[in-house]
Amino acid sequence: MKKKFKPYKKKDFSSGKPQQDAVRAKKHLGQHFLKDEEVAQRIGDTLTLNNYENVLEIGPGTGVLTKYILQKGKKVKVMDLDRESIYYLQNSFALEHPEVPVKDFEILEADFLKADLSTLFKGEPFAITGNFPYNISTQIVFKAIENRDLVPEFTGMFQKEVAKRICEKEGSKTYGILSVFTQAYFEAEYLFTVPPTVFNPPPKVESGVLRLIRKEDYSLPVEEKLFFKVVKTAFNQRRKTLRNSLKTFQLSDSLKEDSIFGQRPEQLSVTQFLELTQKIAEDAVSDK
């Protein structure tokens, strides 16, 4: 059951308000706090601000990126599960950054992966951004795809390998399920690479920043469930030709003679996967 959002309730910090340096990165949450102001500003500037008035930041940490998002003049909500981050943002962030507008700013203690996003901005569209925890970053993308009607834009920082995979085109060994599903609905662009040294603690790998802009027409010309099944089945045996990897679809002999079935999944563009799905759908109908 999806959870509704509940604003964090202020706690009693009579013994002293939490300071930014008191918020510790937690390994089990996959946290690596961004500490470089220039990089934070560059990530904030990846937002085009087109066709939406609301922004959701996932995993704000100590608010290094949050500062630059708030300066964009949009309604901003940040979401985190880390209570230390929540405490700091609620009680000390505005005091330490008086130059930052916080009128349309809300802090939510919630799990993005379990939340009902339709209630977040009362059904209004919103952009997603953030320095995403590596351990759930692909799940965040799939959640955004699932809620694509609400999300016209998605930007942020991932492990470089994951960011590259999302934006990769056909013909590459890293092109796969995540690439096809994302690019079926969004225009994907890899923007820049970020070194480990700008984080505390520094990760063992480089990071990459990307931008996804929802296509003007993001409806599929085929049945979505079948499209997902075709793509997943094909890439689950990516070394095989489609003629072999898609045997479970019980294709007719005439369809299997189509030249597309002599290719491997990484050779097909998103458009070709849609065409393949259509051919399979028509073959199933004609076979009845």
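1. Gln250 sits in the loop that runs between helix 9 (242-245) and helix 10 (253-256), where helices are DSSP runs of H or I with at least four residues, strands are runs of E with at least two, and both are numbered from the N terminus. Its phi is near 50 degrees, a positive value in a residue other than glycine. Gln250 is exposed, at a relative accessible area of 66% (buried means under 20%, exposed over 50%, and partly exposed in between, with a 1.4 Å probe and protein chains only).

2. Please keep in mind that this is a predicted model, in which local features need pLDDT of at least 70, side-chain atom pairs count only at pLDDT 80 or more, and totals for chains, interfaces and linings use all residues. Residues are numbered from 1 along each chain as its sequence is written, and side-chain values use heavy atoms, with hydrogens and water left out.

3. Leu49 also has a positive phi, near 70 degrees, in a residue other than glycine. Leu49 belongs to the loop between helix 1 (37-44) and strand 2 (54-58), and is partly exposed, with a relative accessible area of 27%.

4. An unreviewed UniProt entry places the feature "binding site" at several residues, including Asp111 and Asn131; such annotations may be inferred rather than shown by experiment.
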